[in-house]
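Please brief me on this model.

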Amino acid sequence: MTAKKNRSLVGDSARAVDERFGTAGFLRRNIRKAFPDHWSFLLGEIALYCFIVLLLTGTFLTLFFKPGESDTVYDGSYAPLRGVHVSQAYASTLRISFDVRGGLLVRQIHHWAAILFIAAICVHLMRIFFTGAFRKPREVNWLIGTTLFALALAEGFAGYSLPDDLLSGTGLRIAQGIMLSIPIIGTYVSFFVFGGVFPGEDFIPRLFTLHILLIPGLLLALIGAHLMTVWHQKHTHWPSTEKTESNVGGNPTYPKFALQTTAFLMFAIAVLTALATFAQINPIWLYGPYQPAAVSTGSQPDWYVGFLEGALRIMPPLSTDVAGHTISWNVFLPAVVLPVVFLTLIALYPFFERWVIGDSRPHHVCDRPRNAPTRTALGVAAIAWYGNLWAAGGNDVLSATFGIPLEATTWIFRVGFFAAPIIGFAVTRRLCLSAQRRDASEAEEGIESGIIKRLPSGEFVETHDRPDPEQELVRDAEHPAELVRGLPRHIIPLPTPRRITAQVRSRINRTYTKYQAEVPSPDGRTEVDKSAPSDR
């Protein structure tokens with residue numbers, strides 16, 4: 001009897017909600033929506049779950065943190081610092097770590113979640129880039145993802161700087177130097193941000209407001225926009241006999257995907273908790289409070305700003321005096337211009353590739369990276385370039401660990417700034433083309449079976465099996481011959497801007513679309529060359 005009443009109560013409640021909001025129709029349309037089941041599509045979910053953990057743990061920490069820079073005498077549980085003059089921010093962080101029950105665990109979960117949040121966004125962006133999932137109609141979502149990455153960097157640095165310890169204070173001092181390097185307006189920017197002379201007493205409260213209110217609000221809005229766009233446009237998927245450009249395949253939202261993603265959320269929380277329990281991170285009590293005259297040896301920022309640190313370290317000394325003002329190019333170029341240009345190029349890449357290739361078709365099937373060797377090579381070149389800068393951020397540690405002169409490590413990374421991306425591009429493109437040739441050979445000859453047969457003539461040969469239909473679909477290249485642009489042939493070769501642009505575009509186009517390995521035979525490659533139209 002009680003069960004019937006409960007079912008009746010639930011049914012009546014559901015009916016009342018549906019009558020007012022029309023939820024039943026929405027659920028009927030979307031409860032069977034397909035989600036991809038490949039592991040690579042879970043990378044974005046890791047970032048989402050880390051963000052959820054950040055919101056929960058950040059709310060807890062906000063209840064106890066005091067964002068003040070006024071001087072106070074520490075009298076908490078950590079004996080080595082009792083009686084030391086510290087800021088309110090530093091004292092409250094120590095209180096959270098040693099006096100609030102579970103405070104240190106929550107604080108470390110928060111820090112690990114921030115690190116993995118940015119790492120997951122990076123890996124997710126790389127998955128989208130290497131598989132071509134940014135192509136039409138998903139360019140706007142790529143821009144949203146790039147903006148999320150930039151905001152995550154700013155949010156991470158803001159949270160890292162709030163405790164006002166010696167390590168984070170050193171980072172803020174570097175940030176102030178970067179602001180001062182901006183020509184003309186640098187001093188005004190620094191004065192406005194810090195509320196006067198560095199360090200001042202206004203910056204930590206302002207940074208706290210940005211960290212808990214403005215940037216999280218922007219992140220939450222953009223993540224919502226990203227998810228709604230994905231829901232509307234549907235996911236990309238790997239090619240197969242059942243998944244094409246005109247349909248969607250995968251697991252239904254309910255019950256399979258809902259159970260799977262809930263379990264994955266629990267697993268992510270468990271991993272973050274385990275990391276916070278067994279791997280200490282950011283022990284500010286060992287660094288001590290920030291003092292403008294002190295800098296700790298071997299100090300390193302969190303990994304996501306390591307590339308900025310490395311760019312500053314390897315930049316040669318360069319400055320210019322203009323009308324009595326000194327422009328510090330050795331700070332402005334690596335710390336302001338370089339990251340802005342880098343993030344801008346990442347954001348605009350989908351539009352550049354579409355302009356070069358001339359492919360305006362919508363794409364819902366992922367590329368295999370080897371089938372787009374130029375794009376893959378560019379991605380590896382960017383990773384090599386970033387990795388070189390990231391490693392340069394710890395050149396002092398590398399020098400001390402391996403016994404290499406510090407000046408030698410600096411020059412190694414200066415050479416790597418130019419050499420690493422070039423080598424990465426050349427090697428990766430050749431490897432992709434080599435893999436395409438192997439695929440073409442298997443498509444033409446079949447796959448070695450390991451079975452030896454003896455022919456009536458007495459000759460021994462190995463039999464070859466035909467490739468699996470699913471594998472054949474994955475091997476297919478996404479750039480057909482009609483996308484290859486012919487080289488412009490002008491009757492009067494005048495170097496006008498329009499003709500120069502046409503020449504550059506056609507040559508870049510052929511590095512993207514004209515692969516020798518896509519056609520198995522030399523005759524076929526010749527036909528591709530003949531069929532390429534010529535731009536007049």
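Buried here means under 20% relative accessible area, and exposed means over 50%. The model is predicted.

**Cysteines**
- Cys432 has a relative accessibility of 8%, so Cys432 counts as buried under the 20% cut-off.
- Cys122 is buried as well, because its relative accessible area of 17% is under 20%.
- A disulfide is a covalent bond between the sulfur atoms of two cysteines.
- The search of the whole structure returns 0 disulfides.

**Helix 12 against helix 14**
- Helix 12 spans residues 306–314, and helix 14 spans residues 373–392.
- Their axes come within 6 Å and cross at roughly 75 degrees.
- Angles of 65 to 115 degrees count as roughly perpendicular, so helix 12 and helix 14 are roughly perpendicular to each other.
- Helix 12 makes the contact through Gly306, Phe307, Gly310, Ala311, Arg313 and Ile314.
- Helix 14 contributes Tyr386, Leu389, Trp390 and Ala392.
- By class, the residues of this contact are 7 nonpolar, 2 polar and 1 charged.

**Strand 5 with strand 6**
- Strand 5 (residues 319–322) and strand 6 (residues 325–328) run antiparallel and are joined by 4 bridges.
- Asp321 has Thr326 of strand 6 as its bridge partner.
- Strand 5 and strand 6 form a hairpin, with 2 residues between them.
- Ala323 lies in the turn and has a positive phi of about 50 degrees.
- In a regular strand, side chains alternate between the two faces of the sheet.

Methods: Residues numbered from 1 in each chain as written. Predicted model: local features only at pLDDT ≥ 70, side-chain atom pairs only at ≥ 80, totals over all residues. Heavy atoms only, no water. Disulfide = S-S within 2.5 Å. Buried < 20%, exposed > 50% of the residue type's maximum accessible area, 1.4 Å probe, protein only. Axes fitted to C-alpha atoms, helices over the stretch in contact; angles between N-to-C directions. Parallel < 35°, antiparallel > 145°, perpendicular 65-115°, else oblique. Contact = heavy atoms within 4.5 Å. Nonpolar A, V, L, I, M, F, W, Y, C, P; charged D, E, K, R; others polar. Pairing = 2+ DSSP bridges.
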